[in-house]
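Subject: Structure handover

Hello,

Here is the structure for you to look at. My notes on what was found in it follow below.

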Amino acid sequence: MPFDFLKRKKSPDPKAAPDPKAAPVVPSLPFDALTEEWHLVGRMLVTGRMSDALNKREPIAIDEVYWAPVDGSGQLAPASGLKSVDPYDLVIVVAGDDSVPEMSADERNAHKVHKVSYEVALEVPPYRVVGTVYLYPGSEPDSLLNRSSEMFVPVVDATATIGDQVVGGGPAAAILVNRQYLRGVEQVDVRTGERHQKLPGSSMGGVNWSDRTR
């Protein structure tokens, strides 16, 4: 046993020069993504918002990756040979709170103040994503099917399923949906994932968004 094992260790000097031999710290974000056939879990070597990195449409370096078939036929296993991922291959990406810069509640509300919320179900075969999207006034949920400069659309407080099975660990702060795979948009009640029940009685006139989707 060393004689100095009880001595208090000195705290590192914050003004000291960095050790040139130390390995550089690479910024990264945890990710949980689904392709048409695979479930991928690991870290994306990016900074800032994950959606910004994905919307660049360029391969992204990844690390500490595990994968498994999306049908649940196998357990997550190391995928050490997988060093990058192409956003075009990702159908949905589960984004946690640590994938976006920190904001106060007031800042988050201010960010949404000019947008309208819609509770929707998005069909991105083989998955279905239910949650809330925020769109600018004048835009309707079915506009998500149109071409856009943004490849991924965020769905907040969302749940993804494949058949009757919940994927991605259950409800998420946000799920980024690849619009390239989007095949249907439906306005629903997020509590049930089903269309809103039509109220009894005749219409007072006018056409709403849900009527046009029938």
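D189 forms a salt bridge with R191, and the closest N and O atoms are 2.8 Å apart (a salt bridge is a side-chain nitrogen of Lys or Arg within 4 Å of a carboxyl oxygen of Asp or Glu). R191, in contrast, is exposed, with a relative accessible area of 74%.

Before the rest, a note on the source: this is a predicted model, in which local features need pLDDT of at least 70 and side-chain atom pairs count only at pLDDT 80 or more, while totals for chains, interfaces and linings use all residues. Residues are numbered from 1 along each chain as its sequence is written, and side-chain values use heavy atoms, with hydrogens and water left out.

Salt bridges

By the rule above, the count comes to four salt bridges. R128 takes part in a salt bridge with E123, at 2.9 Å from N to O. The side chain of R128 also meets that of E186 in a salt bridge, at 3.9 Å from N to O. This second pair links distant parts of the chain, since E186 lies in strand β11 (residues 184–187) and R128 in strand β8, 58 residues apart. Strands here are DSSP runs (E, at least two residues), numbered from the N terminus. Through shared partners, salt bridges join E123, R128 and E186 into one network.

Strand pairing

Strand β1 (residues 29–34) and strand β2 (residues 38–44) pair in the antiparallel sense over six bridges (two strands pair if DSSP finds at least two bridges between them). β1 and β2 form a hairpin with three residues between them, and P30 has R43 in β2 as its bridge partner.

On to the next neighbour: β2 is joined to strand β3 (residues 60–69) by six bridges, and the two run antiparallel. W38 stands opposite P69 in β3, and V41 stands opposite Y66 in β3.

With strand β4 (residues 77–78), β3 pairs in the antiparallel sense over two bridges, and here Y66 stands opposite P78. With strand β5 (residues 84–85), β3 again pairs antiparallel over two bridges, and the bridge partner of A61 in β5 is S84.

Nonpolar cores

The largest nonpolar core has 26 residues, of which I92, L122, V124, Y127, V129, I175 and V177 touch the most other members (a nonpolar core is a set of buried Ala, Val, Leu, Ile, Met, Phe, Trp, Tyr and Cys residues joined through side-chain atoms within 4.5 Å). Two or more residues of this core come from each of β6 (92–95), β7 (116–124), β8 (127–135), β9 (152–162) and β10. β9 gives the most, with five residues. A second, separate core of 22 residues includes A33, L54, A95 and V156.

What does I175 touch, leaving aside its neighbours within four places in sequence? I175 is in contact with I92, V93, V94, V129, V153, P154, V155, A158, T159 and A160 (contact means heavy atoms within 4.5 Å). In soluble globular proteins, nonpolar side chains tend to be buried together.

A buried asparagine

N178 lies in strand β10 (residues 165–178). N178 is buried, with a relative accessible area of 0%. Which backbone oxygen does the side chain of N178 reach? The side chain of N178 reaches the backbone oxygen of L90, at 2.9 Å. Not counting residues up to four places away in sequence, N178 touches P87, Y88, L90, V91, V124, M151 and F152.

Regards

Technical notes: Helix = DSSP H or I, 4+ residues; strand = E, 2+ residues; numbered from the N terminus. Buried < 20%, exposed > 50% of the residue type's maximum accessible area, 1.4 Å probe, protein only. Polar contact = N/O pair within 3.5 Å; in protein donor to acceptor, adjacent residues only side chain to side chain.
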